[in-house]
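My notes follow the order in which I looked.

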Amino acid sequence: MLENSGMILIDLQKAFDTIDHEIFLMKLECLGFSKSSINWYKSYLENRMFLVNVENEYSNPGDLTCGVPQGSILGPLIFLLYVNDMPKSVDCDLYLYADDTCLVFSDDNLKSIGSSLNRNFSSLCDWFVENKLSIHFGEEKTKCIVFGTKKRLKKLDELIIRHKDIRIKQHKSVTYLGCILDDCLSGESMATKILGKINGRLQFLYRKQSFLNSHLRRTLGNALIQPHFDYASSAWYPNLNKKFSKKVQIAQNKCIRFCLYFGNRAHIGINEFKEIKWLPTKERFQQCVCVSAYKFWNKITPSYMSEIYHSVEYSHSTCRGMFRLQQPYRNLNIGQKGLSYIGPRYWNALRSDLKSSKNTNIFKHNMKDEYFNLLTKKENDIYVYY
């Protein structure tokens with residue numbers, strides 16, 4: 001049965017500034033740090049002073065008993081050590097990235113989702129109090145959302161999440177780590193945001209084009225525009241409908257025209273892509289997916305990728321299963337757009353000599369050459385838009 005997923009995104013108030021030094025040092029001891037290492041951290045945090053400036057009048061110096069120096073290399077590491085035991089306070093999925101925290105629970109019953117999230121959210125709030133961290137309960141700070149198909153979402157009641165007398169507002173779309181996720185995971189909100197950024201930066205470059213030669217145009221295009229096509233693409237690009245996929249490709253074509261000194265309605269085909277050494281957006285997305293599979297296969301990805309990809313077991317007497325990933329069964333279209341499904345599909349279709357590339361950079365270049373060869377052989381150029 002198809003499940004819905006509920007998520008609570010939690011915003012902490014001044015997370016790095018409220019780390020308690022005594023609690024942190026106690027956690028280091030529990031984690032098994034040596035006495036000399038603990039004393040080193042202690043000396044790093046202690047004997048720091050602060051001043052308050054109000055209209056050019058300074059307060060008397062005060063001792064800092066909490067927080068870590070902002071912008072320091074050790075700041076994020078100290079925070080990660082500080083919240084290392086947070087997952088033990090909940091029994092559902094908890095995703096942590098620095099101070100960005102979210103709770104996730106999946107079930108086909110909305111009441112079960114609400115019950116589990118409320119229970120775990122309450123437990124997590126208690127953990128924050130014990131560790132002297134505080135949640136920002138503003139409407140646009142801590143929020144909740146339910147993910148599902150459009151058909152199922154229409155039939156669902158509102159998700160009610162509370163902490164004491166505070167109600168957490170449910171949203172139709174949320175932003176997590178810079179990626180916009182709408183409740184039906186269509187990818188349209190993220191695509192709209194990306195198209196806005198790309199068009200804005202392209203307009204800026206056109207205003208400055210008199211100062212830019214061909215080399216600078218390509219360099220700035222690679223640095224300022226192309227990364228927007230790649231960022232979190234596995235979360236939004238495969239879910240786009242044909243209308244938005246075409247808009248994304250048109251935006252890339254505009255960038256190519258700028259970089260190659262073409263007119264606004266100039267033809268963009270495979271030869272132009274080859275000249276600028278960019279893959280069309282569809283093939284570029286497939287390349288990004290295959291690179292993640294290559295890194296998993298060569299064990300250079302974070303450990304959590306093992307929850308997404310699984311290698312196929314094979315007998316040493318045959319090489320039929322070599323370099324293959326397991327493709328999970330998905331009977332619905334929405335399930336076939338996830339990374340765990342499309343990753344093995346794209347990867348398994350590659351030739352063995354491509355998969356055995358010596359390093360990631362060589363693999364990327366070989367993939368690009370392979371896609372260009374395939375696109376050149378096509379009689380109809382499906383990537384031409386005006």
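Entry 1, ground rules. I am working with a predicted model, in which local features need pLDDT of at least 70, side-chain atom pairs count only at pLDDT 80 or more, and totals for chains, interfaces and linings use all residues. Residues are numbered from 1 along each chain as its sequence is written, and side-chain values use heavy atoms, with hydrogens and water left out. I take helices (H or I, at least four residues) and strands (E, at least two) as DSSP runs numbered from the N terminus.

Entry 2, the sheet. I looked up the strand order and found an open sheet of four strands, β6-β7-β1-β8, with antiparallel pairing; two strands pair if DSSP finds at least two bridges between them. The edges are β6 (93–97) and β8 (143–147), each of which pairs on one side only. On average, neighbouring strands of this sheet are turned by 20° against each other, direction ignored. For this and later angles, axes are lines fitted to C-alpha atoms, for helices over the stretch in contact, and angles run from 0 to 180 degrees between N-to-C directions.

Strand β1 (residues 4–10) and strand β7 (residues 100–107) run antiparallel and are joined by seven bridges; along them I noted Leu-9 opposite Cys-102 and Ser-5 opposite Ser-106. Five bridges join β6 to β7, again antiparallel, and Leu-94 stands opposite Leu-103 in β7. β6 and β7 form a hairpin with two residues between them, and Ala-98 in the turn has a positive phi of about 55°. Helix α4 (residues 110–130) lies across β1, β6, β7 and β8, running at about 150° to β7.

I found that the axes of helix α2 (residues 35–45) and helix α3 (residues 74–82) come within 13 Å and cross at roughly 120°. The two helices are therefore oblique to each other, given that angles under 35 degrees count as roughly parallel, over 145 as roughly antiparallel, 65 to 115 as roughly perpendicular and the rest as oblique. In contact (heavy atoms within 4.5 Å) are Trp-40, Tyr-41, Tyr-44 and Leu-45 of α2 with Leu-74, Leu-77, Ile-78 and Leu-81 of α3. By class, this contact has eight nonpolar, no polar and no charged residues, where Ala, Val, Leu, Ile, Met, Phe, Trp, Tyr, Cys and Pro count as nonpolar, Asp, Glu, Lys and Arg as charged, and the others, Gly among them, as polar.

Helix α11 (residues 281–297) and helix α14 (residues 360–377) pack at an angle of about 145°, their axes 10 Å apart. The residues of this contact divide into seven nonpolar, three polar and four charged.

I located Asp-230 in helix α7 (residues 214–230). Is Asp-230 buried or partly exposed? Asp-230 is partly exposed, with a relative accessible area of 23%; buried means under 20%, exposed over 50% and partly exposed in between, with a 1.4 Å probe and protein chains only. Not counting residues up to four places away in sequence, Asp-230 touches Arg-284 and Cys-288. The C-alpha atoms of Asp-230 and Phe-285, 55 residues apart along the chain, are separated by 7.0 Å.
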